[in-house]
Amino acid sequence: MPLLRKIEVTTGVWWIEAPLAGVSILCGCPADAVKHLMKRGLIVSTEIDGIAFETGPNAILLSDAMVQNGNFSNLAEFPVLQMLYRQGMILPDHPGNTGVKPLLIGSADQVQAQMQYIYRGNYGLVTEEEMVEAGLSPKRAHELMRMKLKFAFGKIRHPGDLLDTLAVDADSVEIRNGVTVRRMLFNVFEFSYQGETAVVDLNLPSFESYEAPYPLGYYRLRREYFAVIHCGEGDGWDINRPSMASIIMFQGKVFLVDAGPNVLFSLNALGIGVNEIEGIFHTHSHDDHFAGLTTLIRSDHKLKYYATPLVRASVAKKVAALLSIDEAAFSDYFDVCPLVEGEWNLIDGLEVKPVFSPHPVETTIMHFRAMWEGGNRTYSHLADIARLSVLQSFITDDPEAPGISQAMYDQVAADYLEPADVKKIDVGGGMIHGDAYDFRDDTSDKIILAHTSQRNTRAQKAIGSSASFGTVDVLIPSNHDFIWPYAYEALDAYFPGIPRHQIRVLLNNPVVTFNPGTILVKERVVNDQIYLLLSGSVEMIPIEIEMRSVLSAGALIGELSGLFGAAASETYRAASFVQALAIPCSLYSEFVRRNNVFKGVSRLLEHREFLLRTSLFGEVVSSKSLNRIAQAMTSCTAKVDVVIEPGHDMVGMIKSGIAGRFLGDHMFETLKVGDFFGEDVAIFGSPSLLRVRALEPCEVFLVPAHALRDIPSVRWKLFEASNKRTRAMMEAGVHARVLIKWHDEYSVGVQRIDSHHRRLFEIANSALDLMERGCSDDEIAETMGLLREYARFHFDEEEGLMIRYKYPELHNHKNRHFRLLEQLTELQTTIAEGEGYNEVEVLTFLQEWIVGHTLSDDHRAAVYLNSKGVY
């Protein structure tokens, strides 16, 4: 029997086990990792002394990359819950409770981010001040905090009370009982035990996604006037079904209710492309309703995000914790549309009423209605409700004690039973989920039981119905096809200024349906049709390069080859049921010539084809958006060794040639055709730590930042790339000597501040390394300039947090920042003007500044921020 056992669980997820040492490690934990472990038999049910529980991991290795190919890579909420409760590691007198805590392993910043994300996942908003900031009255905030404390058994506890952590770097560190781990490369780790080793690579292959644990098949849906599509009736533990969710279709528009794990997989099975989604109604922030949010960012327009301010604040803080960003950045990716709790909110004819629902995190149930003959048609979505027997046990007359009032209980019980034509309810049981028996007297026409991994009992079946994936409840049928208005809008946007009667020439063609897996256009074949994609998803597969793009509604397929009568250079293949407007190539060519747009279209097509073959733009971005970018692009050239500076408001893309990204004289990354740079400054307002220099003659496209900021899928990829580049640079360990070394005790306990501090260490060491090797004053001054600019950025971010949370020593802290920047500017100017420097004095200054300021001033501020729930 091997001492170390290594198993590939699924794409990007591995299992390492040392049975003799009692160590079992889940390596990589994207969404639904627990379900994959269950399907592989790595989590099984067992029993000791009559107590049933599960086996499973006792440690989790986190990915170095927080996001890969658009997906969250580290979602440890459910794996940790499985260890604590289903394995019993936290339960008193339980055979699974051996005194060993679950262990999070990974880079210091990722471990810290996960701890804060789990904290927010457990509790949502953690103080009455945060609730008031989200819009509640102090009285209501106090009432909800009492309820939250009852769910939390009287105390909100940081995950540090429940979990152990282990930071991993290049040196081996012991996990437990002689099992060690070290980082070999970025996201590549080596485990060792008694002479045996196993290597795990957590890097997700390019153009691949994490896999769903269940098959779904394919469905062809009609766009209805008002209907509910059932796309999830399971929970976070159900290995055969998606978590509880629904899709609302209203007047042909598509709205999601919650976004659980693998939401794009569900949408693809239903023949719905991400660009077709109008918005999402969000009930709360638990992972089985939240984990799919970032995949929805793959749209080329901001999805409308509908939630009460309280739910939105809870969700934004969890996203911010997970990604180490400011929670205000949430609105960079979604069009936030606040809903008024307890009132009907009108959304283009559809009305929605969010109603407070007791839960450990901020939660609302959702009621929907639309006007029709004889009154309204209604749908109610009751996700993550608490059973009434549990809420009864919470009732107390003490207004200061954890619990709820009789009045709150009565209101909640009445809200549960508000009748609807169709009502979907959580029947998961336990302390924080619902009970079908609470709905025995519900007068709704149809009740659907959901949010459970268990089979329905006979008693439950007598109360409610089931709804398998893809089934539809039509509340108001449609008497015309909503696909045609969408087709007109897409063509009108693609050809602005063209008369409506001319657009109708193209519209007077058939809408055709393709089965999943069908080829629409084949490479090396001259196509006779150009297709406007109206619904579903299509893969673009270039033969000569290694890439895969997924196109959604609004994309024109086969336009370049069709317009010029040339053979297609790539294959287009239906990834789901697809509807497309089929336009004959001859008609399309005559249309663009007759309307005098041939020259403009052909010029844009060349640029658009280049963009489509890049990782940045090759997925989901519609033809309309690609045209807008292509129109805004300019180009420049650079000779060998010339620094390429796109400017503060441009993102550069290599059109031809090769360039390198340098810090000082060390090259961190090679940039080839299609690669981009400059996103840190142009999009995120962060000082660039690296310079781009041509390694051979280059032609570079310059894309204005304003053309990219409002395309969520592009902005998200830029964010992912920027973080991965920075992380890889910090992990490289390239300096001849690390004169100012980061130690774990330097952590102040606020993840964003710690992340900035580590970057300051990196740049300072680079400057000292240049000095030690006798490099030119210009090189040293440039790096000192980078240090100054990043320090300015860091100070602004730090002060922003202090202002927000009313730090009492803010004035003194700002003065300290001002003096440090003055000193740094003087030092950089002295070096730049060739007046010389004393390396020992510079080292002393940087140590006293970075280390001293971190350990004293920043640590005091961080203690205060921690007291406000900021970690």
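1. Two strands count as paired if DSSP finds at least two bridges between them. In this predicted model, β21 and strand β22 (residues 350-356) meet that condition, pairing in the antiparallel sense over three bridges. Within this pairing, Asn345 has Val352 of β22 as its bridge partner.

2. Both strands belong to an open sheet of six strands with mixed pairing, ordered β21-β22-β23-β24-β25-β26. The edges are β21 (345-347) and β26 (446-450), each of which pairs on one side only. On average, and with direction ignored, neighbouring strands of this sheet are turned by 25 degrees against each other.

3. A further open sheet has four strands in the order β36-β43-β38-β41, and its pairing is antiparallel. Its edge positions are taken by β36 (634-638) and β41 (676-677); each has a single partner strand, so one side of each is left without a neighbour in the sheet. For β41 the partner is strand β38 (residues 650-656), with two antiparallel bridges between them. Here Met653 stands opposite Phe676 in β41.

4. Which strands of that sheet does helix α17 touch? Helix α17 (residues 598-612) packs on the sheet with contacts to β38 and β43 (698-704). The direction of α17 makes about 95 degrees with that of β38.

5. Helix α5 (residues 138-151) consists of 14 residues. From first C-alpha to last, α5 reaches 20 Å, close to the 20 Å expected at 1.5 Å a residue. After α5 comes Phe153, which has a positive phi, near 60 degrees.

6. The buried residues of α5 include Ala141, Leu144, Met145 and Met147, together with Phe151. Arg146 and Lys148 of this helix are buried as well. What covers the buried residues of α5? The cover includes the helices α3 (108-123), α4 (128-133), α9 (309-323), α10 (388-394) and α11 (406-416).

7. Two packed helices are described by the angle between their axes and the distance between the axes. Helix α21 (residues 751-772) and helix α22 (residues 777-804) pack at an angle of about 165 degrees, and their axes lie 9 Å apart. Because angles over 145 degrees count as roughly antiparallel, α21 is roughly antiparallel to α22. The crossing in which α21 passes α22 is left-handed.

Note on methods: Residues are numbered from 1 along each chain as its sequence is written. This is a predicted model: local features need pLDDT of at least 70, side-chain atom pairs count only at pLDDT 80 or more; totals for chains, interfaces and linings use all residues. Side-chain values use heavy atoms; hydrogens and water are left out. Axes are lines fitted to C-alpha atoms, for helices over the stretch in contact, and angles run from 0 to 180 degrees between N-to-C directions. Contact means heavy atoms within 4.5 Å. The expected span of a helix is 1.5 Å times one less than its number of residues. Buried means under 20% relative accessible area, exposed over 50%, partly exposed in between (1.4 Å probe, protein chains only). Angles under 35 degrees count as roughly parallel, over 145 as roughly antiparallel, 65 to 115 as roughly perpendicular and the rest as oblique. A crossing is left-handed if the near helix is turned anticlockwise from the far one by less than a right angle, and right-handed if clockwise.
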